[in-house]
Amino acid sequence: TATVTLQDGSVKSMNEVQIGDRVMVLHKKYEPVYSFGHKDDTTQTTFRQIYLDSEEPLEMSGDHLVFRHGEDVPVPASLLQVGDILQG
């Protein structure tokens, strides 16, 4: 089961995350959860692993929206290419 680290240092399973929880998005940077764009507790899916400077990859669905560096419009993670730079 995928987990996230909260700002208080605790760890939650993804199925326990709630709107308003502050979760780690980068090494020691936290943001609030503001929506669940495609949450479905009954469907299995494949997650993309995005490797940054940290040891642990970010894991997200291919539909998860991310911003590439210098772009104003987010793109689905499925469109990312090796070498893309993400906004931080």
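This is a predicted model: local features need pLDDT of at least 70, side-chain atom pairs count only at pLDDT 80 or more; totals for chains, interfaces and linings use all residues.
Figure 1. When residues up to four places away in sequence are not counted, M24 touches T5, K29 and Y30. Q49 is 25 residues from M24 in sequence, and the distance between the two in space, taken from C-alpha to C-alpha, is 15 Å.

Figure 2. The place of G62 is in the loop that joins strands β6 and β7, where the residue counts as buried because its relative accessibility of 13% is under 20%. Leaving aside neighbours within four places in sequence, G62 is in contact with T46, R48, P76, A77 and S78. For one of these residues, S78, the distance in space from G62 is 4.3 Å, C-alpha to C-alpha, while the two are 16 residues apart in sequence.

**Figure 3. Close-up of the largest pocket and its lining.** The largest pocket has a volume of about 2400 Å³. Its lining is made up of 48 residues, and those closest to the centre of the pocket are V4, M14, E59, M60 and H64. Two or more residues of this lining come from each of the elements β1 (3-5), β3 (22-26), β4 (29-32), β6 (58-61) and β7 (65-66). When the lining residues of the largest pocket are divided by class, 22 are nonpolar, 16 are polar and 10 are charged.

**Figure 4. Close-up of the second largest pocket.** The second largest pocket has a volume of about 220 Å³, and 13 residues line it. Among these 13, the residues that lie nearest the centre of the pocket are I50, L80, Q81, V82 and G83. By class, the lining of the second largest pocket has eight nonpolar residues, together with three polar and two charged ones.

**Figure 5. The protein chain as the setting for the close-up views.** The secondary structure of the protein chain comes to eight strands and zero helices, so that, read along the sequence, the pattern is β-β-β-β-β-β-β-β. Along its principal axes, the C-alpha trace spans about 30 × 30 × 25 Å. The radius of gyration of the protein chain is 13 Å, which agrees with the value near 12 Å that a compact globule of 88 residues would have. Of these 88 residues, 19% are buried. Among contacts with a separation of 6 or more, 12% are accounted for by residues 24 or more positions apart. The protein chain exposes about 7000 Å², and carbon and sulfur atoms supply 49% of that area.

Definitions and conventions
Residues are numbered from 1 along each chain as its sequence is written. Side-chain values use heavy atoms; hydrogens and water are left out. On a 1 Å grid over the protein atoms alone, a cavity is a set of points where a 1.4 Å probe fits but cannot get out, and a pocket is an open set with protein on both sides within 12 Å along at least five of seven lines; lining residues have an atom within 4 Å of a point. Grid points are joined across faces, edges and corners, and a volume is the space filled by probe spheres set on the points. Helices (H or I, at least four residues) and strands (E, at least two) are DSSP runs, numbered from the N terminus. Ala, Val, Leu, Ile, Met, Phe, Trp, Tyr, Cys and Pro count as nonpolar, Asp, Glu, Lys and Arg as charged, and the others, Gly among them, as polar. The radius of gyration is taken over C-alpha atoms; the globule rule is 2.2 Å times the number of residues to the power 0.38. Buried means under 20% relative accessible area, exposed over 50%, partly exposed in between (1.4 Å probe, protein chains only). Contact means heavy atoms within 4.5 Å. Accessible areas come from the Shrake-Rupley method with a 1.4 Å probe; for residues, only the protein chains shown count as cover.
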